[in-house]
Amino acid sequence: MTDIRIPDTIRPVDGRFGSGPSKVRPEGVESLAAVSRTFLGTSHRQPTVKNQVARLRRGLAEFFSMPEGYEVILANGGTSAFWEVATFGLIRRQAQFAEFGEFGAKFAKAVKDAPFLAEPTVHRAPGGQAAFLQAEAGVDVYASVQNETSTGVAVPVRRVAGADQGALLLTDATSGGGSLEVDLRETDVYYLAPQKALGSDGGLWMALMSPAAIERAFEIKASGRYIPQFLDLVTAVEQSRLEQTYNTPALSTVFLAAEQLDWMNTQGGLAWAVRRSTESAAVIYGWAEKSAYATPFVTDPLLRSAAVATIDFEGVDAATIAKVLRANDIVDTEPYRKLGRNQLRVALYPTVEPSDVAALTACIDYVAERL
Ligand SMILES: *Cc1c(COP(=O)(O)O)cnc(C)c1O
């Protein structure tokens, strides 16, 4: 079966549709190659690298129209590390979670496991649906996911009406950030990683933090709680203000992310990026709705993500389609493993050309008709 040969005339120009790591623009890699002898392999405490950290922080601030007083904080370890950082450094006593997929569940678990915090409240929804936060007395941190990468469900970023004065909202924007609309005044911490919509490589976490969130980090640190040095948010704030990270970052990740943000800002910033992802979303969901064997997994159109599309199949084996696509250099359309559905998952990040998404649907049809 995997010897089905997809004709060149219908194939996408770039066959990378992974939700993370995701497509990295060849132009970014070429820019990195151009500076490789003066940048790669040089000290991260010197201006050559610090200037790139600064470019990345500036690029994020511009791209997300960062409000006055907010700051871009970054450190090593990716989003998974940030969950631990937030567990130690942002939650005073009790958190509440909206959990509707694997990524939201991981953060909730980290907090449940922390012996110094109260049992969190968790609002759950099954895969393909969304759960929402609700005001609750005593909760000092609310946490949700803008785009659940494991299911393709996206929700608006919005403050919790009626929450206690001073309660913080943390938004996991790892895959939604850069593809979906956001007004940062609606959240205190908008955190992401560079290997999704930012089209770079993994290993960093980046958080756009409100003054209230930064103040909270200093307050908790001053309270004397034990905080592992590597997970200390105050250290991350102080290092970020100096345009560096606590320990050695991947220099190529920093450069590629900065390069990508400059590119996206030149194209028209977040509004442009959202339009592009929305265009790709219209292509793939439109195709699935018309298809005899494919349907969007997320039944509520309002929850359907424009960052990551999940498409269910009936009467044809999606895993086989993914395998044939892979043999034709069209890669990473496999679904999130734990979801266990007969499904394909396709990243719609701004790096991906909408015309390539259209080509992908033609390739899926070509393969499905021959199975
Ligand atoms: C990819 C992803 C993560 C995990 O990011 P890492 O940098 O690999 O730790 C967390 N949350 C969401 C929503 C993601 O898409």
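Welcome! Start with the residues around the second largest pocket: its lining divides into 4 nonpolar, 11 polar and 6 charged residues. In this count Ala, Val, Leu, Ile, Met, Phe, Trp, Tyr, Cys and Pro are nonpolar, Asp, Glu, Lys and Arg are charged, and the others, Gly among them, are polar.

The model is predicted, so to speak of local features pLDDT of at least 70 is needed, and side-chain atom pairs count only at pLDDT 80 or more, while totals for chains, interfaces and linings use all residues. Residues are numbered from 1 along each chain as its sequence is written, and side-chain values use heavy atoms, with hydrogens and water left out.

Next, select Ser19, Gly20, Phe103, Thr149 and Lys196, which lie nearest the centre of this pocket among its 21 lining residues. A pocket here is an open set of points on a 1 Å grid over the protein atoms alone, where a 1.4 Å probe fits, with protein on both sides within 12 Å along at least five of seven lines; lining residues have an atom within 4 Å of a point.

Now colour helix H3 (78-89) and helix H4 (102-113), which each give two or more residues to that lining. H3 gives the most, with 4 residues. Helices (H or I, at least four residues) and strands (E, at least two) are DSSP runs, numbered from the N terminus.

Then move to the largest pocket and select Ala154, Val155, Pro156, Val157 and Leu302, the closest to its centre of 30 lining residues. Finish on the lining by class: 19 nonpolar, 6 polar and 5 charged residues.
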